[in-house]
Amino acid sequence: MIEAQLSWVMSLILFFSTVYVTLRLDFLWIAFGIISLSLYVLPIATTRNPFKAIPWEMTALVSSPILLHISEGSRALSENLAWWDDLTALAFAFSLSTIGFLLTVELQMYTTVRMNSAFASFFVVMFTMAVSGFWQVGEYIGGLVTGNLLVDTNGAAMGVLIYTAAGGITMGFVYSAYLKVMGRERRQMFGLVHLWEVTIRRRG
Amino acid sequence: MMQLGMVAVAVGGIVTVNHTWVPAALVSLLVSAVPTILRRDLRVVLPAELNFWIVLALFLHVVGGYSGFYDTLPGWDHLTHAMSASLVAAIGFVVVVALDKYVESIFLPPLFLAFFIVMFTMSVGVVWELMEYAIDQLTGSMLQYSLNDSMIDLLFDLFGGFMVAIVGTYYLRHTTQEHFVESLQLDEAKGRIGRVVRRRRWPYK
């Protein structure tokens, strides 16, 4: 129960951050917020069970980059610490791969899509890198439109992509290990990791 | 025809002491022979259109590099990028459709397939740009001119991916999936691979 409550707290952060970026018409982050919120709400809404919230550590990973994006403290740190931007890029990668993971799970729950765990891991990695590619292009176009390029050199854009590639590949492995390590009770409580469970059982 | 063109580039490069593009031409020639080798040894038949597309993309790349079109013709880089991206998308498409058919635990409806192709192409595009970046950093070459260049590359990759996703789903709707996969003749190929493996293993039993 405490886990679901932690998860709710994290999702509230996500919710209010989304409201904030909506007020500031920050389109990429609005899309990010809405997609991750709907992935969060979907299992709760369909099972009508508030305790079917996704695990809190995943909610934390999903909501961290948007919080970092809007926080003034983070902006100050990025000006003063050389490695702070690397950290936020990595947080972004973890968040994207978590969204990719949730997507594989919820596609399994609500559509006829079926993947096995190898394909799902591949999907997580691919999703992370593709979305970060879209994101760079989106930021670039947004920058051209508003005349204010946030990522203004090729090196900076490639730096972000390198971190998402590294983070995505890491998380592809982490998530396939994650569910093997996770206790049976906890898995049953969430009841949304069906697809990964099946392949675990098959492997023995 | 186009393979002959690549030979011409290789020979011409050696004759005119312009060696930069000779290895690229030779490698492309090898790669363009892969479908033929697949057909001869494994009897996997790639669709003729795809085969043509592979050779065309390689041809444009090699000719563009050799003749300096990359530098002199403004749209050349984008053209080859859209070509190679659609090629990657098409190969991804073939592989994913085959996976869908042959791996029982995988089922992918057409809409998801289209989504997957676009994402796949984009991620390969990102990997590609990272490779260009890495090569530039290591060798001091100028594959990526600027942020504009790499971002527009990605946009064209995206365009190529979209095209294949649309054409691919259209294609599957009009020839059934079974027909498409059968035309690849993977069944026979699987049997053949199995036989080779069995033959190899047998003495060690």
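This is a predicted model: local features need pLDDT of at least 70, side-chain atom pairs count only at pLDDT 80 or more; totals for chains, interfaces and linings use all residues.
Let's start with chain A as a whole. Its secondary structure comes to 9 helices and 0 strands. If you walk along from the N terminus, the elements read α-α-α-α-α-α-α-α-α. Chain A has 204 residues, and 39% of them are buried. Now take the contacts in chain A between residues at least 6 apart in sequence: 72% of those join residues at least 24 apart.

Okay, back to my opening question. Helix 2 of chain A passes helix 3 of chain A in a left-handed crossing. Helix 2 covers residues 27-47 and helix 3 covers residues 56-70. How do we describe a pair like this? In general, two packed helices are described by the angle between their axes and the distance between the axes. Here the angle is about 160°, and the axes are 11 Å apart. Angles over 145 degrees count as roughly antiparallel, so that's what helix 2 and helix 3 of chain A are to each other.

Who actually meets whom there? From helix 2 of chain A we have A:W29, A:F32, A:G33, A:S36 and A:Y40, and across from them, in helix 3 of chain A, sit A:T59, A:V62, A:I66 and A:H69.

Next up, the two chains together. On the chain A side, 24 residues are in contact with 24 residues of chain B. Helix 6 (117-146) and helix 7 (154-181) of chain A each supply at least two residues of the side that touches chain B. The largest share comes from helix 6 of chain A, with 11 residues. By type, this side of chain A divides into 15 nonpolar, 7 polar and 2 charged.

Last stop, the inside. The largest nonpolar core has 75 residues. Which residues have the most contacts inside it? Those are A:V124, A:M126 and A:A130, together with B:A89, B:I117 and B:M119. And helix 6 of chain A turns up again here, giving the largest share of this core, 13 residues.

Let me zoom in on one of those, B:I117. Leaving aside residues up to four places away in sequence, B:I117 touches B:A89, B:G92, B:F93, B:G161, B:V164, B:A165 and B:G168.

Technical notes:
Residues are numbered from 1 along each chain as its sequence is written. Chains are lettered from A and ligands numbered from 1 in the order in which they are written. Two residues are in contact if their C-beta atoms, placed from the backbone, lie within 7 Å. Helices (H or I, at least four residues) and strands (E, at least two) are DSSP runs, numbered from the N terminus. Ala, Val, Leu, Ile, Met, Phe, Trp, Tyr, Cys and Pro count as nonpolar, Asp, Glu, Lys and Arg as charged, and the others, Gly among them, as polar. A residue is buried if 20 or more other C-beta atoms lie within 10 Å of its own, exposed if 12 or fewer, and partly exposed in between; C-beta atoms are placed from the backbone. A nonpolar core is a set of buried Ala, Val, Leu, Ile, Met, Phe, Trp, Tyr and Cys residues joined through C-beta atoms within 7 Å. Axes are lines fitted to C-alpha atoms, for helices over the stretch in contact, and angles run from 0 to 180 degrees between N-to-C directions. Angles under 35 degrees count as roughly parallel, over 145 as roughly antiparallel, 65 to 115 as roughly perpendicular and the rest as oblique. A crossing is left-handed if the near helix is turned anticlockwise from the far one by less than a right angle, and right-handed if clockwise.
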